[in-house]
Amino acid sequence: QVHVMESGGGLVQAGGSLRLSCAASGNIFSISTMAWYRQAPGKQRELVARITSIGNTDYVDSVKGRFTISRDNAEKTVFLQMNSLNAEDTAVYYCYFDVLNTKYDWGRDYWGQGIQVTVSS
C-alpha cells in the first residue's frame, strides 16, 4: 500500500508564485520517474514536468523557463516550483510516482488526489 499526499496549491494573482509538494509513503522500495500533470476544465490531463531517478527533467513547452521540478529521494517527495503564473496555468495538478514496491517488481503508477491551483488575472 502506498499513500500519496499533495500540498501547496491555492489562489494566486497573475505573476505570482506557488510551490507544490507531493510525498509518497508506505510500501516503497524505490521510485523511478516522478512527475506533475494538470487538468484544466474541459481539457485533457497533460504532463507538465517529469524528473527521472538520476535527475533528468523535461517540461511541456508552455511552462519552460517558469516552472522547475525537483525531488528529494530520501523523503520520497517531488516538488514543483511555479513562477510567473498566468491564468492558463489554472488547473487541478496531480503528482505521479512510478514505484517499485520490492526490488523484484515492475513499476506501478501512483497518483495524488489532485490539488487546485487558481491564477487570477
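Author: Here is the walk, starting at the cysteines and ending in the loops.

A word on ground rules: this is a predicted model, where local features need pLDDT of at least 70 and side-chain atom pairs count only at pLDDT 80 or more, while totals for chains, interfaces and linings use all residues. Residues are numbered from 1 along each chain as its sequence is written, and side-chain values use heavy atoms, with hydrogens and water left out.

The structure has one disulfide, a term used here for two cysteine sulfur atoms within 2.5 Å. The partners are Cys-22 and Cys-95, with 1.9 Å between their sulfur atoms. Cys-22 belongs to strand E3 (residues 18-26) and Cys-95 to strand E9 (residues 91-100), so the link joins distant parts of the chain, 73 residues apart. Strands here are DSSP runs of at least two residues, numbered from the N terminus. Both cysteines are buried, meaning under 20% relative accessible area, where over 50% is exposed and anything in between is partly exposed (1.4 Å probe, protein chains only).

E1 runs antiparallel to E3, and the two pair over six bridges; pairing takes at least two DSSP bridges between the strands. In that arrangement Val-4 stands opposite Ala-24 of E3.

Rings of Phe, Tyr and Trp (its six-membered ring) pair if their centres lie within 6.5 Å, with planes under 30 degrees apart called stacked, over 60 edge-to-face, and the rest tilted. That gives three aromatic pairs. One of them joins Tyr-37 and Tyr-96, whose ring centres are 6.2 Å apart and whose planes meet at 70°, so it counts as edge-to-face. Tyr-37 sits in strand E4 (residues 30-39) and Tyr-96 in E9, so the pair ties together parts 59 residues apart in sequence. Tyr-96 is buried, at 12% relative accessible area, and ring pairs link Tyr-37, Tyr-96 and Trp-111 into a cluster.

A charge sits over a ring if NZ of Lys or CZ of Arg is within 6 Å of the ring centre and within 35 degrees of the ring normal. Arg-45 has its charged end over Tyr-94, 3.8 Å from the ring centre, and Arg-19 lies over the face of Phe-79 at 4.3 Å from its ring centre.

On to the loops. Thr-90 lies in the loop between strand E8 (77-82) and E9. A polar atom of the Thr-90 side chain is 2.9 Å from the backbone nitrogen of Val-119. Leaving out residues up to four places away in sequence, Thr-90 touches Ala-40, Gln-116, Val-117, Thr-118 and Val-119, where contact means heavy atoms within 4.5 Å. That E8-E9 loop also holds Ser-84, which has a positive phi near 50° despite not being glycine and is partly exposed at 42%. Lys-76, in the loop between strand E7 (67-72) and E8, likewise has a positive phi, near 55°, in a residue other than glycine; Lys-76 is partly exposed at 27%.

Methods:
Helix = DSSP H or I, 4+ residues; strand = E, 2+ residues; numbered from the N terminus. Polar contact = N/O pair within 3.5 Å; in protein donor to acceptor, adjacent residues only side chain to side chain.
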